[in-house]
Amino acid sequence: MADQGDRKTVRAFQCRDYLFEIFDRLSAEHQCSVDYLINEAMREYAHAREQSVAALGMQSQDLANSAVAGAPAMSTPAVDARRPPMLTPVPSRRPTVQPAVNPLMAVTVPPPLPGRRPSDVASRRVLMLQFNGETFPVEKDEFIIGRGVRTTDLAIRDGNISRKHAAVVFHDGAYFMKDLGSTNGIEFAGQRVESKRIEEGDVYRICDYEFRFSYQ
């Protein structure tokens, strides 16, 4: 390509496919044309080659001067003028913008327990169960009431009580009294219930036994 002021003569030349792909990708990254990048690469190559040729000429002149003066010539690494120099990458025209860092996002939050949402733990109140003159804190998501000693949290030795009769279940931020398919069921205010949300002061009956609930 020959420069004549601002006028340029278009010359056709062959370029390997992988080199053209590199120039095409660089043009997209730096927002400039492929022609501009190829011209800059050729300009840098020509400039570096001129410096290499000049360096070779200076080296030959130094060797000749040293030979004439009788001084030992210092070894200088050979410069291969046929090897293309490293091209200086074209700087990006777009300013680099660093993303804003929110200091609150840097705080590590421990993961919630399996099967439990964070809001459940934060809003959970302590439920107390009063039965037969004793008070039992309900600290599990499923507190089982029944006849079975090994399978329940509150065992009642009565043949009218099913092995797993009822359960106090914590779900979606609230406690519920739930029948587990028992024979004699659960009563609240004289009515049999399958499942009911436990409110402050609620009293449930299972056969001849009374269960009173309160929150702390």
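Student: How many bridges pair strand β3 with strand β4?
Tutor: Some ground rules come with this predicted model: local features need pLDDT of at least 70, side-chain atom pairs count only at pLDDT 80 or more, and totals for chains, interfaces and linings use all residues. Residues are numbered from 1 along each chain as its sequence is written, and side-chain values use heavy atoms, with hydrogens and water left out. Strands here are DSSP runs of E, at least two residues, numbered from the N terminus, and two of them pair if DSSP finds at least two bridges between them. β3 (residues 127-131) and β4 (residues 134-138) run antiparallel, and the count of bridges is 5.

Student: Which residue in the turn of the β3-β4 hairpin has a positive phi?
Tutor: Within the paired strands, Met 128 has Pro 137 in β4 as its bridge partner. The hairpin leaves 2 residues between β3 and β4, and the one with a phi of about 55° is Asn 132.

Student: Why is the pair of Tyr 175 and Tyr 215 called tilted?
Tutor: Rings of Phe, Tyr and Trp (its six-membered ring) pair if their centres lie within 6.5 Å; planes under 30 degrees apart are stacked, over 60 edge-to-face, and the rest tilted. The whole structure has 6 aromatic pairs. In this one the centres are 6.2 Å apart, and it's tilted because the planes meet at 45°.

Student: Are Tyr 204 and Phe 213 buried or exposed?
Tutor: These two form an edge-to-face pair, 5.8 Å centre to centre with 80° between the planes. Buried means under 20% relative accessible area, exposed over 50%, and partly exposed in between (1.4 Å probe, protein chains only). Tyr 204 comes in at 0% and Phe 213 at 1%, so both are buried.

Student: Which ring has the charged end of Arg 125 over it?
Tutor: A charge sits over a ring if NZ of Lys or CZ of Arg is within 6 Å of the ring centre and within 35 degrees of the ring normal. Lys 196 does this with Phe 188, at 4.3 Å. For Arg 125 the distance to the ring centre is 3.9 Å, and the ring belongs to Tyr 215.

Notes
Helix = DSSP H or I, 4+ residues; strand = E, 2+ residues; numbered from the N terminus.
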